[in-house]
Each structure stands twice: as C-alpha cells, then as structure tokens.
Amino acid sequence: MKIFQGRVVVPGTVTAEALVSHGGFNTLASYQMALQFGDLKAMGKDTEVACGDQNNPELYKKPMMGKALCLPQTIGSTTGGMILFTACALGKQPACMLFSKPIDSLAASGAILGDVWTDAVMPVVDQLGDEFLEYVKTGMSISVKENGIVEVHDS
Amino acid sequence: MKLNEEQQAMLDGSRGAVMAKIMKTLVMYGDAFDAERMVPVTSRYGHTVISFGLGVMDPVYDLYDEILSAGILPEQKFTADPKPLDPKVPSGPLEDLVFKKLMYNRQERYEQQLKKLGITKDEDYTCACYLELVGNAPQKGDVLSWAESSAVVYANSVLGARCNRNSGILEMMGSIAGFVPEFGLLTEEGRKADWVVEVRCEKKPEAQLLGSAIGMKVMEEVPYIKGLDAWLGTELNDSAKAYLKDFGAATASNGAVGLYHIENLTPEAVELGESLIKPDAKVYVIDDAELERVHREYPVIWKNPDANPQLAFVGCPHLSLQQLTDWARAVLKGLEANGRKRVAVPTVFTAPVPVIREYEKTIYAWPLKKAGVVISYICPLMYMNNPLCKSKAVITSSNKLRTYTSAKYCTDSEILDIITGGAK
C-alpha cells in the first residue's frame with residue numbers, strides 16, 4: 001500500500017476500484033456515447049456508463065460509474081462540468097475523482113455543482129502529484145479519507 | 001475569499017435560498033482556485049454553451065426551472081451555442097425519429113427557458129457569437145462569464161477579453177450574480193505563457209492540425225507561439241481571425257487551452273511581447289513532420305475505414321462570412337474544373353443565421369444551392385451525437401468535430417477535392 005496526500009476539493013470518504021487515465025480526461029467525449037440514448041439506456045439502469053472517448057485508449061469502452069477515476073486533469077468542451085453534474089444528479093458518477101495536478105476549472109465546476117445541487121457523494125482530491133499517477137494502476141483498490149489522504153492498495 | 005457586504009448577504013440568504021446556493025457554488029468555485037475576491041462581469045452579453053434539449057439532461061433543465069421559479073434572472077442577456085436540429089440538413093426517417101423523439105425531446109422546453117432567462121434573439125444560436133455580424137464581441141479587458149471552449153479561447157486570445165474556461169451552468173450563474181471569482185485567466189499572472197511554441201513549417205500549417213498538436217502538448221497551459229506571423233501576417237484581418245478561430249477551437253478540444261498568444265499578432269503579444277513568457281517556459285518545436293505525425297495518429301472509427309464518404313460537414317466552429325464565400329467560390333470553381341453540376345458528396349456548411357443571411361445576398365448563394373450544398377445554422381456535433389451516425393461515413397475539416405464524433409478528419413483541400421469530385 002502507498003499513501004498520497006492531496007488537497008480536498010469536495011470532501012468525503014470512499015473505497016473503490018481505480019480507473020486510470022494518464023492523458024487528460026475529455027469529459028464530453030467520455031460521456032458522449034453514454035449520453036446518446038439518455039432516457040432509455042445511457043446513464044441508465046443496465047449500463048455502467050462506458051467511456052466513449054476514442055482518443056483515450058486507456059479508458060475507451062471501459063465502465064466509469066462507481067470507479068475511482070485517477071487522472072491528471074480534464075480537457076475539452078466546456079459542457080464538461082454540466083455533464084459531471086448530470087451524472088451526479090442521476091447517480092451515475094464516478095465514486096471519486098483523483099487528480100495528480102491542480103484541478104481544472106471544468107472538473108471543479110462539475111464537482112461543485114454536483115456537491116451543491118445534488119445528493120450525490122463524489123469526493124474530489126487534487127494535487128496528488130505525478131508519482132500518484134505513475135504508481136496507481138487500473139484495478140487497484142483505492143481508499144479516500146476526509147483529509148485528502150488517498151491510500152492505494154496493490155491488490 | 002473576501003466577499004463584500006452584498007455578496008456575503010447573498011451567500012447568507014438575503015435574496016432567497018436559491019440565490020444563496022448560486023452564491024455558494026461561485027464561492028466554492030473560487031476557493032478551488034484560491035481566488036481572493038469576486039470581480040464584476042463587465043461584458044455587455046454573456047454566452048452559454050448549452051443549446052440543446054437532451055432528454056438525459058433533465059437535471060439541468062430542472063435546475064433552471066428552480067432558478068426561474070425563484071424569480072431569478074441573469075443581469076445580462078446572452079447568446080447561445082448552435083441548435084442541434086435543422087430540417088434542411090439531410091437525415092432519414094429513422095434519424096428524424098431518433099433526433100426528435102429520443103434525443104432532443106426537451107428542445108422546446110429548453111428554448112422556452114432560454115427566452116425567459118434572456119437570450120438576445122431567437123437567431124443568436126451560434127458558437128461563433130463574437131463574429132461582427134452576430135454582435136457579441138467583447139472589448140479588450142472585459143471580464144466575461146462565458147462557456148463554450150472555442151468562444152472562450154477566441155475571446156481571450158484574439159479579442160483580449162478575460163474569461164476562464166467556465167462550464168455550462170456555471171457561466172449562467174456568473175451572469176446571474178453579475179460577478180465571478182478572480183483567478184486564472186482573469187489575472188495578469190494567469191495570462192503569462194508557460195510554453196514557447198516555435199512553428200518551423202515550410203508551408204502554411206493547417207489551422208486545425210496546428211491547434212490540435214499544441215492542445216495535446218500544452219493541455220491547459222498558455223502557449224506563446226512564434227513563427228506563425230510569417231504565415232498570417234501582423235494584422236488581425238478577417239483571414240487571420242478566421243484562421244485563429246479554427247486554430248483555437250482545436251487547441252481547446254484536443255487540450256484545454258483557454259488563451260494563446262501569437263507573436264506580433266494577438267493584442268497582448270503585440271503590446272507586451274516576450275515579457276509574457278514565464279522564465280521557466282517549456283519549448284515545443286513544430287515542423288511539417290510533427291503535423292503529419294499528429295494527423296496520422298488520428299483514429300478512424302468508421303465501420304469500414306475505406307468507405308466512400310456519405311456526408312461532409314464544414315464549419316465547426318461556425319464559418320465566418322469570408323470563409324463561407326471562400327468555400328462557395330472554391331466549390332463552384334472545383335465543380336466546373338471537374339465537369340460536374342452537383343457535389344459528389346452531400347455537403348453541409350454551417351454558419352450563424354446573420355452570416356447566412358448576408359451570404360444569401362452574394363452571387364454564390366444560388367449556384368451553390370443548385371449544386372446541392374446545404375447552408376445551415378446547425379451544430380454538426382449535436383447532429384452527429386447519435387449511434388446512427390456511427391455507421392455513416394462523415395468527413396469534416398473540423399478537428400473539434402473529429403474529436404467528439406465518428407467523423408473523419410480531412411484537410412480543407414482534401415474535402416474540396418472529395419466534394420467536387422476531383423479526388424482520386
């Protein structure tokens with residue numbers, strides 16, 4: 001196990017399986033596929049919100065819902081925050097978002113809108129450092145503590 | 001963050017519970033970036049990225065209903081991104097069913113909300129709101145509460161306005177409150193360049209490819225670009241502005257660029273020169289080979305990568321009047337050269353309504369229509385945001401459209417060859 005200290009953007013505790021993107025996480029492109037048939041299936045009952053970003057081979061077609069999303073930052077369209085907010089409102093958000101770098105304005109918008117305007121719990125920690133993203137691998141177990149401590153378990 | 005008396009009272013509920021939540025959102029947003037204060041929004045108009053009534057986005061429209069029900073309206077009117085539907089754009093019965101019944105079935109509800117919230121005019125749905133004919137061009141130094149990545153990067157870089165890459169909803173909240181937290185691109189320090197990009201190309205780089213390469217490299221940081229003035233000149237004329245519009249959109253979709261400086265061309269670079277460059281700025285050299293590499297690595301996710309194109313989209317972001325007339329002239333010339341009367345592939349050029357209106361007065365409008373080219377105010381990205389388009393071989397010269405959909409990127413000249421029947 002390795003411990004990383006970050007800064008709390010949205011407080012909360014959670015344990016979840018890591019889903020790692022070493023490149024920027026394009027929120028619109030990632031949720032695009034999941035949003036296509038919204039009320040029927042998209043963010044819906046029988047899916048796990050698969051990533052639709054063809055430019056992100058690490059995440060493409062992998063389920064994002066309920067995962068500990070580990071990323072440097074988000075990129076792309078300014079609909080990004082609104083999309084994260086919607087995911088939170090529908091209860092289809094990642095378990096948490098863990099940023100190696102300082103959080104970007106779109107991810108912050110989405111996380112804060114989700115926190116203030118919905119009942120969703122999605123802890124967000126940023127500034128975990130480059131070493132965090134070098135160490136964590138998809139599938140590892142991650143525990144987020146209230147004070148911004150992130151524990152990465154090897155198995 | 002230090003709030004003034006009025007702001008603190010709003011946060012404490014003096015203007016009701018909904019306004020207090022809006023205030024809390026803005027304060028948390030500022031706190032995430034260590035903002036020390038709120039600053040007034042000084043632009044005449046806002047701009048919202050949300051222009052679509054998608055069924056799955058009900059929580060957004062419910063939130064806006066909550067705001068409207070509390071009697072809260074923005075302090076400024078605003079323009080909005082392009083609409084997702086236009087009957088003129090080719091679509092089959094199944095697509096029509098999917099668009100209207102399954103996907104954009106909240107369009108009417110949302111457009112009614114925008115009218116109540118204060119959209120400037122019903123025709124002001126465009127991502128290129130800053131074009132002169134549309135009329136939402138902020139002044140240098142104006143503080144904005146906008147969202148739409150391509151519009152924000154243009155306003156910051158080409159117009160010298162000040163705006164962070166706000167998200168949809170957040171931008172509306174800034175327009176409602178009349179102030180935004182001061183951080184990032186609103187500050188002098190935040191506008192300094194983290195990168196020096198040296199363009200060493202032997203031919204004029206494709207705007208979309210150059211923007212894509214830079215976006216992927218610098219992510220959210222600010223680049224200071226040298227060598228591009230050799231191709232664009234030192235005057236911000238219509239051609240240079242059109243190039244920078246498309247270039248910026250690509251930096252913002254393949255990265256998260258909110259501001260760039262072009263040496264000897266963009267306002268702050270002209271005014272402040274290399275003093276904008278941070279002492280520890282990184283360097284990225286771009287030549288023709290680098291741009292070819294970027295182009296080569298674009299994934300093609302058509303079911304049959306060698307399929308013949310079925311539809312061509314040009315104009316994401318929306319075309320300016322000069323771009324539209326340049327395209328029209330080039331297509332008509334190409335058709336004549338290739339002995340064709342109609343385009344070889346159904347083609348849609350997209351532009352703002354006021355631009356289309358002016359274009360229709362030109363000598364190109366009628367012959368181009370006869371040649372089968374559709375001119376539309378639609379958002380091609382929204383049009384393609386459905387599974388049916390996955391099986392459609394769509395080509396585009398927009399890197400932004402390529403990034404978010406299954407459309408395949410072709411350069412402008414490749415598109416021209418294909419649609420005029422000159423491609424081998």
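## Two interfaces in a predicted model

Domain 1 and domain 3 of chain B bury about 2,400 Å² between them, and carbon and sulfur atoms account for 67% of that area. The model is predicted. On the domain 1 side, Val89(B), Glu123(B) and Leu133(B) lose the most area to domain 3 of chain B. Together these residues make up 23% of what that side buries.

Where do these domains sit in the chain? Chain B is divided into domain 1 (5–186), domain 2 (189–296) and domain 3 (311–419). The C-alpha centres of domain 1 and domain 3 of chain B are 28 Å apart. In contact are 29 residues of domain 1 of chain B and 28 residues of domain 3 of chain B.

### Inside chain B

Charged pairs cross this boundary. The rule finds 3 salt bridges between domain 1 and domain 3 of chain B. Glu148(B) forms a salt bridge with Lys400(B). Their closest N and O atoms are 2.8 Å apart.

Two helices deserve a look on the domain 1 side. Both α4 (93–103) and α6 (149–157) of chain B supply at least two residues to the side that touches domain 3 of chain B. α4(B) gives the most, with 5 residues. By class, that side of domain 1 of chain B has 19 nonpolar, 4 polar and 6 charged residues.

### Between the chains

Now turn to chain A against chain B. The contact takes 44 residues from chain A and 55 residues from chain B. About 4,000 Å² is buried between the two chains, with 64% from carbon and sulfur atoms. How many salt bridges link chain A and chain B? The count is 0 salt bridges. Polar contacts do occur between chain A and chain B: 14 residue pairs, both at pLDDT 80 or more.

Several elements of chain A give two or more residues to the side that touches chain B. They are the strands β2 (7–10) and β6 (74–75), and the helices α1 (27–35), α2 (38–42), α3 (80–89) and α4 (105–117). α4(A) gives the most, with 9 residues. This side of chain A has 22 nonpolar, 18 polar and 4 charged residues.

### Side by side

| Interface | Buried area | Carbon and sulfur share |
|---|---|---|
| Domain 1 and domain 3 of chain B | about 2,400 Å² | 67% |
| Chain A and chain B | about 4,000 Å² | 64% |

Note on methods. Residues numbered from 1 in each chain as written. Chains lettered and ligands numbered in written order. Predicted model: local features only at pLDDT ≥ 70, side-chain atom pairs only at ≥ 80, totals over all residues. Heavy atoms only, no water. Contact = heavy atoms within 4.5 Å. Buried area = accessible area lost by both parts, 1.4 Å probe. Salt bridge = Lys/Arg side-chain N within 4 Å of Asp/Glu carboxyl O. Polar contact = N/O pair within 3.5 Å; in protein donor to acceptor, adjacent residues only side chain to side chain. Helix = DSSP H or I, 4+ residues; strand = E, 2+ residues; numbered from the N terminus. Nonpolar A, V, L, I, M, F, W, Y, C, P; charged D, E, K, R; others polar. Domains from an automatic or database assignment.
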